[in-house]
Structures are given as structure tokens and as C-alpha cells.
Amino acid sequence: MSVSETYVRYRQTLSEEPLAIGVLLVALWMAWSLVNGLLTGGIQVSSLASLVWDGLLRGLIIGLAGIGLSMTYSILNFANFAHGDYLTSGAFAGMATSYLVAGIGENSVGALLLVGAGGSVFGGALGIGVTTAPIAVVFGALIAGVATIALALLIDRFVYRPIRDESGIALLITSIGVAFALRYLLQFVFGAGVRGTTAAGSVPRVSVPAIDGTFRVTAHDISLVVVAGGLMLGVHLLLQRTKLGKAMRAMSDNEDLARITGIPTEQVIRTTWIVGAGLTGVAGYMFILWKGTLGFNDGWLLLLLVFAAVILGGIGSIYGAIGGGIVIGLTASVSVIWIPSEFGRAAAFLVMIVILLFKPEGIFSGRTTA
Amino acid sequence: MSATDIRGLIQGLFERDVTLVLAVLGTIYLLYVLAGVAFGYGLRGQLNSIANLTFYIGVFGMLALALNLHWGYTGLFNIGIVGFMGIGVYVTALVSKPPVAQGGAAQVGGFGLPLSVGIVSGVVVAGLFGLLVALPALRLRADYLAIVTVAFSEIVRFTMMSRTFQTFTVPDTVDLWLFTFDPAADTVGLGGGGGLILNYPDPLEALLRSLFLWEPYLGLIGFVERNYIPNNPKPVLDGVLYGVLLLIGVGLFYLLLSRTGKSPFGRVLKAIREDEDVANALGKDTDRFKLTAFVLGSALMGLGGILWYSSRGSITPPSFRPNITFFIWIALIIGGAGSNTGSFLGGAIFAGVLYEGPRYFKNLVQTAFELGDAPRNFGEAMAGFASLDPMPFVLYTLDSISQLRLVIMGVVLIWLMHNRPEGLLGHRKETASSVDLARPGSAESTGKPAAADGGEER
């Protein structure tokens, strides 16, 4: 495409889309005020770096959780509003395991399994942390994944499978019912209180020098990066090197055709749930380990950001979910440079809405399950 | 409308809906009165419980009707209802709260305009925000629209909570070209996390005063005080009266929406719901129709929010969590999307059984059996099973009924989607034609209206 053609095309877009001009102007203003702030010293490089680091980590969690959502969204063709509560379930299951491993013998098993409901045991006292209780954390992460897989398969068997052929909207509404039931069952069992789960004081940290200061990196940050990166790589290999990825792509394009071609669709769906829910559970656990508090609402509060990431990246695309997650995480964190900090999440939602308006197929457009 | 028309209308209603609505309402009220008798309520207690029930039936019925315009008629998947409700009541508060002197109490003031102005502006602004959401979002797929609307309602809540919008200082004079305003307000704002105290005149009193019924009403209160309820019956009677007014409001919503549904406008909406491309191909500007329907529904949701919260003493942002949206959705799905009568019935059943019912059930059980204190957490509840004693668990379950209520709602929603996705009255066949199509003397065509409501002839 020649330069003039591109130019004409952009001019057309601009005249047809008054909103596009607005978005462009806002983007220009943001860039200018950032550069200006950095040059005049109104914004410190170190605080920017710290925001970026925080956003990156949040983005990894959102991306990891987003892979599962994206997979079920494209294969089963519905937006699973219960996904956030799968995340919370995984976090509770994993933390209960960690508490049990770290605190068995000194505390009552019941209190440990309930993750210290009502202040009976404190994560800080048990020394939950990746350096202080590594075995507990490894077991916790594993059980978080396994428990979420079991939960997702159970729910799929009794809730989604009987209405597999219904429209995406019917399934979406059903998933809202699942979300309600799951979230408030968790509250029923584990209580409504938000508890601290890690020994936040004893997590090792280093100060990374930036130009005019330092920003902090903790051991939990590093473990989050390692786990998220490893799992993403694993999923990539799984979907690229096995027939599963191809089967999933075939199914998300046309389920009937896939079945005719001999793809065992129910089995693919089950595998999708297993991979997706496993990642979701681990993401929930790593999220809680990283932020250090756990409440029954956590997953639900994260869900909209996960949706934003999945839509941003394009439904069905694994890389899209990861990339979208990082963009959304960065937006939610870094946007506080320009707007009041209460609106970080609102900014992430706005990015999602803008993407939906201009490029509803996502920035990594097209369905590419893998 | 001539007298025969009206009679025909009434007869038609009786054949179908009124009996059903009255039966359901009668059953719910009877159960509540019986529960009140079991609790040993006097007249005051009974009236209180009835007023409370009526309030929730009213607001849920109203909001389900408004949602029915979006989802049932037009097929717009709006899960941002609570955002529009919040906008409605916050704008009403902002406009009608009395101004506070600068440097006075920390509470923010308002513009001190009459409540009627406040309500109208609340409804209008909710409608405008509906336009703001709908203009870009209506071209989206249903599930994307859902995510955008729920994100919108969360943005509204963040805005209510934010410190940035907590208070503003209004300048003493505002110069607008030829006019110079001198607003009475000094500081206005959304009040942040602490919310707003609704210190405008009581809406009920304002309404009655404007209708010159305030003095007679006070007389009635005096009469009741002398004869039936000895001390201070006013709050109870206020509640009952407000409930009755809400039911009248529901009636008006119903009339408006069923007229809308039967109008040519409403038929286009149904056509859009069934197949937007076909409606488009038939020369209807579907975007325009969807936009109008969305704005109208949003304004009605704003009004619903105002009627729900404006008679409370204060409003706080946590009241506007997405849960409320899903409550209204459950109500609509119980009743059946696409049917106005169904929407109201769904609202009533939801309010009476799922929303308020569990609490009454708990109180009933507690009245019937002398129960001890409930265990504080699930662990203690389960500990009873070690000694084969289920009582702690039962007590804990009863004690956490307000959370389990939401579990029940979720399960009911799943059950409905499995077994009766069309709800009680959804997808009822209705004639698309405005004249009677049945040929006199032809037995076959009578009583078989054309399938216009998406119902297929089977």
C-alpha cells in the first residue's frame, strides 16, 4: 500500500469516526503530559518504573486467568461470568493447603482448612511465603490448580453440559447463576472477612535502582513472573505441539464440522476445561500470594479486568489474552499518572470499551486458539 | 377509547392476567400475614411487614418491567441496570438537597430545588447516560454489550466513591452570556465513600402537600392513633402509603410499556429481537429504534432507582453493586422475558420469595424453636458432626441465611435456565395484527393467534 493510499484511508477513518479523533487527541495529550512530566521532574522515573512493574505483574495474573476464560469463550461460545469465582475457589483451595502444610501440628486442622476464618489462624504467623515456606507454597499452587479443575469439570457436568446446545446468552445467564451460588457458598464456608495470608514482612525484597531513585521487587513478584511465564510457555507448547490445539481451533470455528471430521468434541471440551481451569486456579493462588490478602469477592472484582484483557486480545487467542492482560494491567496501574488513583480500573474498562468500538475482534484479530 | 373498548379490555384482562397476578400476590401476602401471626405481630407489626413486602414488590416489579423493554422486547442485554438507578438517585439528591453554608458541616449540599425538579432531572440524566452508553455500544454483539454495560455500572460506582468528585465549590454567580445565575448552592458533590444524606423534605410529604392531601393525611394518622395504633403510627402508615404509591407506579409502568409494546414502535422492537437483519431489510432504521428503546428503558431504570432509594435517609456507593442488577435479571427470568405481566409477576415472586422470604423463614424457625446461639464460623458448625450433632450446622446455616439467599438465587437461576428458560409467562403467543384475524365461523383459526412473539407453531 502506498503512502498516499494509507493517508487517504486514515483521512477517511477520521472523518467518519469523530470518536477516533477524540481517542487520538487524548492519546496525544497523555503522551505529551508524560514526557513533560518526566522532563520537568513532575513525574519521577523511579515511580513510573514502580508503576510499570506493578502493572506488569497484575497483567501477568490477568493474562494467566484470561487464557482459561478465552479458551472456554471461543470453544463453548459463551462469556463465563463464573470465571472470577473459579479464581477465588482456586485461591481458597490453595491457601487452605498452604496453611495446612505450614501449620499442621501446631494449630487445629479445621482452622487451617478454613484459611483462618474468623481470625483463628493468621498467615503471617504461619510464615506463608515463597522463601519462608516453599513447600507449602508449591503444594498450595498445585492443589489450587487441581481443585479448580475438579470444580470446573463438576460444574460443567451438571450445569453447562445439559444445555450445551443453547445460545451463548442462555449459557451466560446460567453462568451468572453459577457465579452467585459459588461466591456465596465460599462466603458461607470461609466467612466474609478479608484475611492477610502471607508473612508480608519477611518476604525478601531488593531495591532496583532507577535513574532518580529505586523501585522494589519482592520474592513474590519474581515467583509470579516465573510461574506465569512457565505456564504460558507450557500452554503454548501444548497447543502447538499436540493435536489438541488444532482440534480446538477447528471446534471454535465450526463445531458440527469438527464433529463430522471425527474430532471428539466432548473430549476436547473437557480438555479445554482442564487446561483453562488449571491455569485459573494457579492464577488465583499466585494472585493471593502476591497481594497477600484473601476475600471471597477477589475473583469477582478481577473478572471484569480479565474480560477486558480477553476482549482486547481477541477472544480465543491465547497470546491475545496474555498481551491483553499485560495491556490492561499496565493501564490500571500506570493510568494514575494522568487521572486520580480511584479511576485506575475505570481506565482499564475504558480501554476495553474503546477497543470494542473500533476493533471488536481484538488487537490480535482473528481466532487463533493457540 | 369507547366504553365497549374498555369493557372488552377489562374482560380480556380477566381472562388472562389479572386473575393470575391477583392469585400470586394474594398467596404471597397471605403467607406474610400468616407469618406475622406466627410471630405474634400486632397491627403495627403486620402493617410494617406488609409495607416492607409491598415496597420490594413495587421496586422489583418496576425495574423488571423496565428491563423487559431492553431484553424482552428489544433483545438488548443490559447488565448495567444499577448504574442507571444510581445515576437517577444521585442526580435527584444533588438537585434537591438543601444547600449548606460554606465552611459548615462536612456534609455536601445540593442545589435546593424542589424534589419534583430533582426527580425529573434524575430521570432525564439517567436517560442521557443511556444515550451515552447506547450510541457506541448498540452495534456490539449481545455478550459484548453485556460486558460494556456492567463495566459502565462499575465506572459509575467508582465515580460515586471517588474523592475527586466528593465536593465541588459552586461559584457565587455564574455568567452565561445574557443571564447571570446566582445558585444557592455553595458546595455540591457526590459525597465519596461516605455517600449522601438525603436531607430534602420527605418525598411522601412533598407529594401529599402538592396534592393538598397533607392535612387530611395527618387527620387520618390522628384517627388511627386514637383508635388502632396507640403511639406514633406515622412511620408505619407512611410505609404502607409509600408501598401503595409504588404499586400505582408499577401500574403506570405497566400501562406505558404494554402500550409501547403494542404500538408500531413496539412491533419493530420485537422484530429486532427476533432478527435484526430482517427488520433492517424491511426498511426499519433498527439502530434508531434500539437507541430509543435503550434510552427509554434507562430513564425508567433511573426512575426505579429514585423510587427505591430516595425515601431512605441516605445513599452510599456500596448499595449500587452489580448484585442488584442480577437480582432484577433473576426477577425478569422468573417472570418470563417479553411479557409485561410476567415481568411484574417475576418481580413480585422474587421480592416475596427469594429476596425477603429466607429472612422470614429464619425468623419463623427461630420463633418456633427456642434455639441457642449460632456458631461463629463454619469450623465450629462442622465440629458438631464429630459428635453426630447436626444442630451447630443447622444454626450456622440459619444464621448465614442472608448469604445463602444468594446461593439459592443462583441455583434457582440455573434451574430456570435448564428447565424453563422462558419463565412463567415468556414467549406467549400474541397477535401481531391489531385487528382480529379470526374468521367468524371458521373453527380452525379461532383461538390460534399468529406466532408473532417468537413462538413457533407446533
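Predicted model: local features only at pLDDT ≥ 70, side-chain atom pairs only at ≥ 80, totals over all residues.
Reader: How many of the residues of chain A count as buried, and what makes a residue buried?

Author: A residue is buried if 20 or more other C-beta atoms lie within 10 Å of its own, and by that criterion 50% of the 370 residues of chain A count as buried.

Reader: What is the make-up of the side of domain 1 of chain A that touches domain 2 of chain A?

Author: The domain assignment gives domain 1 as 1-43 and domain 2 as 44-358, with 34 Å between their centres, taken over C-alpha atoms. Eight residues from domain 1 and nine residues from domain 2 take part in the contact, and the residues on the domain 1 side divide into seven nonpolar, one polar and no charged.

Reader: How do you know that α4(B) and α5(B) meet, and which residues do so?

Author: Two residues are in contact if their C-beta atoms lie within 7 Å, and among those that meet are B:Phe84 and B:Val91 in α4(B), with B:Val117 and B:Phe129 in α5(B). The residues of this contact divide into 12 nonpolar, seven polar and no charged. The axes of α4(B), residues 81-96, and α5(B), residues 115-137, come within 7 Å and cross at roughly 145°, and the crossing is right-handed.

How values were computed:
Residues numbered from 1 in each chain as written. Chains lettered and ligands numbered in written order. Buried ≥ 20, exposed ≤ 12 C-beta atoms within 10 Å, placed from the backbone. Domains from an automatic or database assignment. Nonpolar A, V, L, I, M, F, W, Y, C, P; charged D, E, K, R; others polar. Axes fitted to C-alpha atoms, helices over the stretch in contact; angles between N-to-C directions. Helix = DSSP H or I, 4+ residues; strand = E, 2+ residues; numbered from the N terminus. Left-handed = near helix turned anticlockwise from the far one by under 90°.
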